[in-house]
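Hi,

Here is the structure I promised to pass on.

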Amino acid sequence: MIDTKEFTVLDAMELKLPTIFALSLPELEQWCLDHQIKKYRAGQIYRWLFPMRAKSWEEMTDLPLELREKLAASFSFFTSEIESHQIASDRTEKLLLKLHDREFVECVVMREPNRTTICISTQVGCAMGCVFCASGLAGLTRNLTTAEILEQITQLDRLLDEQEKITNIVVMGIGEPLANLANLLPALERLHEGKTFNFGSRRITISTVGLPEKIRELARIGKRYSLAVSLHASNDKLRTEIVPVNKNIGIREILEAAEYYFEQTGRRVTYEYVLLSGINDSPRDAKQLVTLLKNRHAHVNLIPMNAISLLDIGGSSQETARTFSHILNDAGIVTTIRKRKGADIDAACGQLRLPKIHDQIKG
Ligand code: SF4
């Protein structure tokens with residue numbers, strides 16, 4: 001008999017048990033039936049896992065001890081461990097999660113009045129090689145599984161106050177989400193279920209570097225996810241320098257795929273534009289961007305980059321960001337400047353996993 005009190009995450013990893021969070025409610029019901037357990041118990045377990053935010057089997061006090069032991073012998077609770085938990089002065093919180101194979105991934109919760117947004121990762125590392133991005137410095141190691149993507153959400157959810165709820169999810173952490181659609185989409189599907197988070201697709205934003213075929217694939221699945229395309233440059237020459245994967249794609253093709261996304265879903269696409277001092281932030285760049293986006297269903301989100309000392313890239317000044325924004329707004333392109341969140345814990349865009357990578361590079 002397994003003593004659930006002694007049953008740790010590492011035990012579960014060594015035993016290679018599947019995580020309970022990987023199971024949908026019908027799958028858990030089937031597991032119950034297969035083990036001669038009444039089907040309604042699955043609903044009870046689910047209530048503990050999601051609205052009740054349980055952190056261990058022993059908290060599930062309305063389940064018979066025998067069932068809790070059976071669950072502990074069959075499933076791991078979390079498959080990741082919290083390696084570090086940082087809290088910034090603006091209450092942004094960042095988790096560094098250690099995965100079962102000792103790889104690391106990060107996820108973040110950001111707070112604003114009436115809004116609690118989480119940012120999750122989809123890959124260990126990233127193959128896209130954007131020059132300003134600390135997350136992709138060491139290249140791609142592997143895709144995250146559906147369970148690992150979901151587990152970031154359940155881990156972050158357990159950081160919230162009792163009355164606090166996740167209101168928005170952005171898939172903008174480490175990795176290129178559309179390069180791991182096969183695992184991402186089932187994870188998002190689980191969020192829609194009434195017994196989990198009951199989360200509408202419009203409150204989920206998927207960010208991409210701009211993979212046209214994958215954008216079209218996403219457009220055809222019949223969901224209305226918000227799509228954010230990381231453009232970062234207004235001509236192909238510069239974009240290929242900043243976002244090397246652009247070399248074989250080209251901005252035009254991305255814009256056409258984004259228009260297709262709008263036609264299929266009715267969702268206007270957001271273009272993310274990281275402002276890099278002296279690289280892509282001149283009035284001329286802004287005017288080129290106007291030419292590209294005019295008459296398209298576009299919204300531009302300017303991201304004041306946090307300086308990354310390791311990469312020797314500086315962020316644009318507030319004044320430069322405002323001038324850039326005015327040029328776009330004056331041309332009728334709705335443009336916002338994103339607020340910096342969590343800068344003091346490296347939780348800002350492009351900084352996830354920086355300290356770990358920094359350690360590796362500095363040896
Ligand atoms: S910005 Fe995004 S797509 Fe580019 S390297 Fe970083 S994680 Fe990958």
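Before the notes, one term: a pocket here is an open set of grid points, on a 1 Å grid over the protein atoms alone, with protein on both sides within 12 Å along at least five of seven lines, and its lining residues have an atom within 4 Å of a point. Please also keep in mind that this is a predicted model.

With that in hand, the second largest pocket is lined by 14 residues. Phe50, Pro51, Arg53, Asp157 and Lys165 are the ones that lie nearest its centre. The space in this pocket comes to about 310 Å³. Sorted by class, its lining has 6 nonpolar, 6 charged and 2 polar residues. Both domain 1 (4–74) and domain 2 (81–362) supply at least three residues each to that lining.

Arginine 53 sits in the loop between H3 and helix H4 (65–74), and its phi is near 50°, a positive value in a residue other than glycine. Most residues other than glycine have a negative phi. Is arginine 53 buried or exposed? Arginine 53 has a relative accessible area of 15%, and buried means under 20%, so this residue counts as buried.

Glutamine 36 also has a positive phi, near 55°. You will find glutamine 36 in the loop between helix H2 (25–34) and helix H3 (40–49). Here the relative accessible area is 72%, and the cut-off for exposed is over 50%, so glutamine 36 is exposed.

Now for the inside of the protein. The largest nonpolar core has 103 residues, and Ile169 and Tyr271 touch the most other members. Helix H9 (residues 251–265) gives the largest share of this core, 7 residues. Because domain 1 (4–74) and domain 2 (81–362) both give residues to the core, it lies between them.

If you want to see what surrounds isoleucine 169, leave aside residues up to four places away in sequence: isoleucine 169 then touches Ile118, Ile120, Ile153, Leu191, Phe199, Arg203, Ile204 and Thr205.

Last, the overall picture. The protein chain has 12 helices and 12 strands, and buried residues make up 56% of its 363 residues. Of the contacts in the chain with a separation of 6 or more, 68% are between residues 24 or more positions apart.

Cheers

Methods
Residues numbered from 1 in each chain as written. Predicted model: local features only at pLDDT ≥ 70, side-chain atom pairs only at ≥ 80, totals over all residues. Heavy atoms only, no water. 1 Å grid on protein atoms, 1.4 Å probe; cavity = no way out; pocket = protein on both sides within 12 Å on 5 of 7 lines; lining within 4 Å. Points joined across faces, edges and corners; volume = space filled by probe spheres on them. Nonpolar A, V, L, I, M, F, W, Y, C, P; charged D, E, K, R; others polar. Domains from an automatic or database assignment. Core = buried A, V, L, I, M, F, W, Y, C linked by side-chain atoms within 4.5 Å. Buried < 20%, exposed > 50% of the residue type's maximum accessible area, 1.4 Å probe, protein only. Helix = DSSP H or I, 4+ residues; strand = E, 2+ residues; numbered from the N terminus. Contact = heavy atoms within 4.5 Å.
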